[in-house]
Amino acid sequence: MSQLVFDLVLRTGDVALVAVALSAAYSLVRFPNIATVYYATIGPFLTYVLARVGLAFWLAAALATVAVGVLAVVLNATVFDRLLRSGSAIAMIGSLAVGMLVTAVLLVTAGPDSMRFAFALSPPQDLLGARVTALQLWSMGLSSAALLGFALILFFTDIGRCMRATAANADLARATGIDAHGVIRVITFASGVLAALGGICLSLKGELNILMGPDLILPVFAAAILGGLGNPLGAILGAAVIALTEVIAASTNFGPLLGQAFLFLPVNYIGATSFAILVLALLFRPYGLFVNEVRRV
Amino acid sequence: MIEVTGLRAGYGDGPDILHGIDLRVFAGEIVTILGPNGCGKSTLLKAIGGFVEPRAGRIAIEGEDVGAVPVHRRIREHRIGFVPQTDNVFRTMSVAENIMLGARLLPAREQWARFFSLMDTYPALAGKRDRRASALSGGERQLLSVARALIAGPTVLLLDEPSAGLSPVMMDEVFDEIVRIRERTGMTILMVEQNAVQALSVSDRAYVLSLGRVAIEQPAPELLANPTLAGLYFGAAA
Amino acid sequence: MPEPVLSIRGLRKAFGAHVVLGGIDLDIAVGSIVGLLGPNGSGKSTLLDTVTGFVPKDAGRIELDGRAIESLDPGAISRRGLVRTFQLPRMPARMSVREVMLAAERSGSGLADALLGRRAPSALAVDGLLERLLLTPVAEQPASAISGGQKKLLSIAMALANRPRLLCLDEPTAGVHPNLRQEIMALLRDANAQGVTLVVVEHDMAFIRGLCPRCVVLDRGELIADCAPDDLADHPRVVEAYLGRAGARAARKAA
Amino acid sequence: ELVVGAVIPLSGASATQGEDQRRGMEIALEEINAAGGVLGKPVKLIVEDSGGRVPSALDAAKKLVTVDSVSAVIGEYSSGITIPIGQYLVQSGKIHLNIGSSSNRIRDLGATSFSVLGLEAVSSKFAAKDVVAQGWKKIVIVGPNNAYGQGMASGVKEELEKLGATVMSTLLYTEGQTTYRRELQQAAQMKPDAFVYSAYGKDAALMNREAFELGINKTPWYAIYLSMCTADSQRETVVGQYGMDLNFVGPNGKAYEEAYRKKYGMSFKTSFSGYGYDALKLLAAAAGKAGSAEPAKLREALIELGKGYEGATGTITFDAGRQRSEQPYLTLKMGQNGYEPR
Amino acid sequence: MFDFILHVAIIAALNGLLALSLNLQLGYAGLANFGQIALFGAGAYGAALAFSWGFGPFAGLLLGLALVSLLALVFARLGRSLGADYWGIATLSIAEILRTVATNETWLTGGAQGIGGLPQLFGFDLPGTLALAAAALLATYLVLRGVTQSKFGLAVRLLREEPQLAASLGYDLAGLRRRVMLISGVPAGLCGFLYAHYVTFVGPDQLFASETFFIWAMVVIGGLANHSGAVLGAVALQILSASIPFAKDALGLTSEYVAAARLTLTGGGLLLFLLLRPQGLLPERIGSVRA
Ligand SMILES: Nc1ncnc2c1ncn2[C@@H]1O[C@H](COP(=O)(O)OP(=O)(O)OP(=O)(O)O)[C@@H](O)[C@H]1O
Ligand SMILES: Nc1ncnc2c1ncn2[C@@H]1O[C@H](COP(=O)(O)OP(=O)(O)OP(=O)(O)O)[C@@H](O)[C@H]1O
Ligand SMILES: [Mg+2]
Ligand SMILES: [Mg+2]
């Protein structure tokens, strides 16, 4: 049981940070920025390179996340901001194109193979009945800290309040003296940092390779949408709901019910289960699970 | 206080909406802009606020040419309170949050004191402090927007049809409040109004726009007293 | 009393603990013009929202021509002839004013009409309405890129082009220039003369007095008055909650 | 002049394998042209990236055939893409050499299509025998949910059952996930004697790591194509795994391995580079033998050569359907310092 | 070379069908369909299943259109209660579920190996195929243009922008969505059918979600809510992607850089297009419906 809970948390953590990054950026820059998942690829690669050069891992990771944050801001100012003027669909396709370019660069510089950080594999330890490794704990701790920090900023600081105001009505925010462009830069930076950190946490537990980005698109979008696009903290819960479905679908043995020893849902349908849950959830909560915005006609 | 000379402006790459506007508001004055629908009143107010870029001409506030100053800096540096005509609340935020956003630039200690005194002025909002702004009725939103603009005690107040959608009592109260504030703080007020009679009765001067040009500029009492103009520009019904 | 076209019984609506409509009973007679008044936040718009199906009600019966319409969606209610306008009109950004007017005139908008190339008979009504409300100069502009008052006018024109039998207008004159208020009044009178029943939510007492023989006043979700507009000033509660001094003066002017 | 085209996945999900295929061809090309080419001219190789997409692969194949007028096209990697481009090549009368797909469907492509690697039936039989020889009876099969994986799983299952073993379950995982813990834990609940698996580098690395962390590696793991399954994995997570792999110990194999190491400074990334190498070499030899680059002549020469061609991946013999009929395999085990023969 | 141009033209025409279909949904009705490729798949699998059961292409066409209509109705049914952005992910989910089924139900669909060996419709005649595809494209173009220039088209655009307003005017939003999905399903299904017979193979690898993004790119580059734009976008993108191998040859890149070059040219070309013409090659014409 505790293994199940642990798996759930771990799986949630896989996509939560990147989904939060996507959703946070969406709240102000109204288009689903596919480049976010590529930020999650660049982050670990930069960390890897910096660590190879001789920097301590933590320093490398910090530098890499900041660099990705800056990259996100620059891309936003030079590309997405322009495209967005003609609509969100255009900006989204533009972000896809940026993703291709990122892949091209990584393909030339890093090649298509998997790599991993030079940490010794720690043997799993028993933690309340679950098998846990130190790297997994680190990864979870890092993600939780980042999410907590982001939530605190969003809800308990002036800049957080400005973000929410700008998200609600950018023109009015400017009319109340809020530097909407500045706020957008801040949130874009934050989303770059979160996405990069998400990628680093992910590759801390496993590998890093140039496919991380594209592979993340579907799960990250699913989580962000389920949580309600533009509602960053909802994305965490969205990720958790998907993880829960998958963990339950994969590990429930239906065999005893039908008088057989083992009868599992075939693993090749697990992905489909989480998509089915997504559709079902949306049918009952059409604007995402965790949005309670009042809509007046 | 506000000085607009030869202002031409429009949206995107569309045609000019304002064709050379000259307008002046002196410190402590209440000035009303009247005119038919679509003549460019809101556009003028938006240009002064910085939401529409001038194509020609000059906009100065407190003597400073603000043509190139971005909105948020104009608002902050010249302590402007702005109430747009539409979309004038933060829908996803609560009534209290909406108002507190207006108070953001005040010192932290003053913010809540002002908030509570404002709540006394607007009992209609006090009862709905924690309601989301998107749930408010049309009139309640209008009040909320005015309250948000007033809380920081601005030097200049730009109001775009503050009375639209307000019930007769409320409308009286809003205009009374405008007069009171001016007496208390000497605030400069520029407003666009369709309810000409009420607006003129609290104003010092008025401009009447027509097709993006200033058609008339007169002291408010004179305009109010002129029956032909009244019939032409603010309705036979008045 | 003539047949009611709309009949509301015991209509209740609350948002959480906040009761907005506390059991409304109201009949609207065929061919009548009824003004619906009340302080801000008294529930006027919510009443229209629930009657037209945009907001689900908590309890009560709503009948249009003697047939219950509670279970219908807004589109279906509108197709039965009950059309409303919105207090804060929002207009499409990528359709011209004229196009939304054409869309508002719903006849001939089926897929079969499109596939068979059948065109609706004429767009005269559309152009005429635009002309009367001084919208012709902006007819080719995107509908979202017109002024606030023009949007209001456009929404009235659209509702009329839709040829409803019962039309509910939510503050048709807010933000509209006084001269045009006269034009709107004339348009609505014309429509009424052709058999359209009208319910008008409005704060402009002059407009109400000029248009509506009958007024109902809502306060905190209750109907507190139902009378001719000239008698409103005699209702202490109406005066206190709604009209105030100036309003009462305006309401009494004719008397 | 012999002009050969190649359509391989240099980007996308199978880029690691595609890149290795490319390296093999590159080395072959250098060797051929260093020795003076064929038909008196250097051989020309035009490589196109399929991106792992059917439409791009088709565009590329059509371009090679209609614009570059190649005589033969080598490729692709995934069966789902190899089949449509193979069909097209056969229809347009060009030679198709399959160097990466082991689906049995490849057999039906038609008269001018050849497989340089043994199809799945060949390897399944070998692997099943090897597994049963270890005394394992209850087996869980794990593979990617694609044309290769499905074919492998059903083939191995059939062969295992023929030999009296039970297949408790077949887990076909979706590629490119961030974790395979669910699949692994489900598999572990059945407590098999051994896992028989085949997975691509990146997925395998994660899976091996997670199996290690969950302690599931205590049960024996048997890899079909051990080098492919462990190329990207951290060594300690795969030590002790059993497996089989393609044989490249023939005289040509050794030389090729040396050339690869010299050019790329590492040992083979996957077991697929050798097929690219062999395919191009084989085509050059066929052209030399036929004295022409014309597809029909090449076909005759290939069939002739395919009675026993010594390639880097062992002896290549084509059966009547032009598929490689036997394939020498190695039985291996993963030791602390790399593969060890068993 | 000529054959290659014919091939590029055929694919461009087929993509044009998909783009027209998506454009009606996305451009005109505001239905952000992220599962567009599934509509294509329904047509393609219709052809393939009919073939594998021994029926001729005509039966395949009918089966494909039946499947595509069914799927279109499912999509439309979802739309009844979902907000626009959320509908997109719901359609994506359904498309992914269907791809999973196509991959796994080997007994029915041939699994990951797909169904191959479908006959070419005109023997092996490229001009014939091109004529067929072009005719389908032209017919679709004309029908859809008629539809959107009508009052129905206005209703659909009103649905896109202000659904509440449309409802207040008596439009049946669910019905409009259903009709839009049905008529846009037909060209997508037709495209699947023609494609299946052109490449003679149908498999789940053709149905990846990323393919939908390519269709989106065509529509967005061409110009949302403009039929000629959608077709132009499809053609432009196909020319771009077909010319990349040549650009690579012209640059004389060694094979190591083939993939990076392909990605750079596609991504860069796409981005350049968008930055230079952010509203698309042919933007929507507002106010073009006159009666
Ligand atoms: N969705 C909602 N959630 C919560 N409260 C709501 C909601 N909709 C309306 N209300 C509340 O119900 C009350 C009545 O609102 P309504 O819009 O009907 O007022 P109104 O009579 O139209 O006022 P006005 O004249 O200002 O337009 C208001 O206090 C409003 O805040
Ligand atoms: N967002 C916009 N984009 C483009 N053009 C616009 C926009 N808003 C307004 N216009 C144009 O500018 C003209 C003037 O609009 P403005 O809002 O200034 O009028 P107004 O005088 O405030 O009218 P009202 O009394 O109705 O509010 C409109 O008729 C319209 O043609
Ligand atoms: Mg205005
Ligand atoms: Mg109201």
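Predicted model: local features only at pLDDT ≥ 70, side-chain atom pairs only at ≥ 80, totals over all residues.

Colleague: Okay. Which helix gives the most to the nonpolar patch?

Modeller: Helix H3 of chain A, residues 57-84, with 3 residues.

Colleague: And which residues make the patch?

Modeller: A:Val66, A:Val70, A:Val74 and A:Phe189. Together they give a nonpolar surface patch of about 290 Å².

Colleague: Take A:Val66. Where is its place, and how does it count for accessibility?

Modeller: A:Val66 sits in helix H3 of chain A.

Colleague: Let's zoom out to chain A. How many helices and strands does it have?

Modeller: Chain A has 11 helices and 2 strands. Along the sequence the pattern reads α-α-α-α-β-β-α-α-α-α-α-α-α.

Colleague: What does the radius of gyration say about chain A?

Modeller: It comes out at 20 Å, close to the 19 Å from the globule rule for 297 residues, so chain A is as compact as a globular protein of that length. Along the principal axes, its C-alpha atoms fill a box of roughly 65 × 55 × 35 Å.

Colleague: What share of chain A counts as buried?

Modeller: 59% of its 297 residues.

Colleague: Switching to charges. How many salt bridges are there over all chains?

Modeller: A search of the whole structure finds 62. One of them joins the side chains of A:Arg11 and A:Glu246, at 2.8 Å from N to O. A:Arg11 is in helix H1 (residues 2-28) of chain A and A:Glu246 in helix H10 (residues 232-251) of chain A, so this pair ties together parts that are 235 residues apart in sequence.

Colleague: Are those two buried or exposed?

Modeller: Buried. A:Arg11 has a relative accessible area of 11%, and A:Glu246 is at 5%; the buried class is under 20%.

Colleague: Which residues are linked with them in a network of salt bridges?

Modeller: The network links A:Arg11 and A:Glu246 with A:Asp14, A:Lys205, D:Arg182 and D:Glu183.

Colleague: What about salt bridges within a helix, say A:Arg174 and A:Asp171?

Modeller: Their side chains meet at 3.1 Å, N to O. Both lie in helix H7 (residues 170-175) of chain A, 3 residues apart, which is about one turn of the helix. A:Asp171 is partly exposed, with a relative accessible area of 43%.

Colleague: And D:Glu19 with D:Arg23?

Modeller: That salt bridge has its closest N and O atoms 3.1 Å apart. The two residues are 4 apart in helix H1 (residues 15-34) of chain D, so about one helical turn separates them. Both D:Glu19 and D:Arg23 are buried.

Colleague: While we're on chain D, in what order do the strands of the sheet run?

Modeller: S2-S1-S3-S4-S5, 5 strands in an open sheet with parallel pairing. The edge strands are S2 (44-49) and S5 (113-115) of chain D, each pairing on one side only. Neighbouring strands of this sheet are turned by 20° against each other on average, direction ignored.

Colleague: How many bridges join S1 to S3 there?

Modeller: 4 bridges, between S1 (residues 3-8) and S3 (residues 72-75) of chain D, which run parallel. D:Ala6 stands opposite D:Ile74 in S3 of chain D.

Conventions:
Residues numbered from 1 in each chain as written. Chains lettered and ligands numbered in written order. Heavy atoms only, no water. Pairing = 2+ DSSP bridges. Axes fitted to C-alpha atoms, helices over the stretch in contact; angles between N-to-C directions. Patch = residues over 30% accessible without salt bridge, like charges linked within 9 Å, V, L, I, M, F, W, Y side chains within 5 Å. Areas by Shrake-Rupley, 256 points an atom, 1.4 Å probe, with all protein chains shown as cover. Salt bridge = Lys/Arg side-chain N within 4 Å of Asp/Glu carboxyl O. Buried < 20%, exposed > 50% of the residue type's maximum accessible area, 1.4 Å probe, protein only. Rg over C-alpha atoms; globule rule 2.2 N^0.38 Å.
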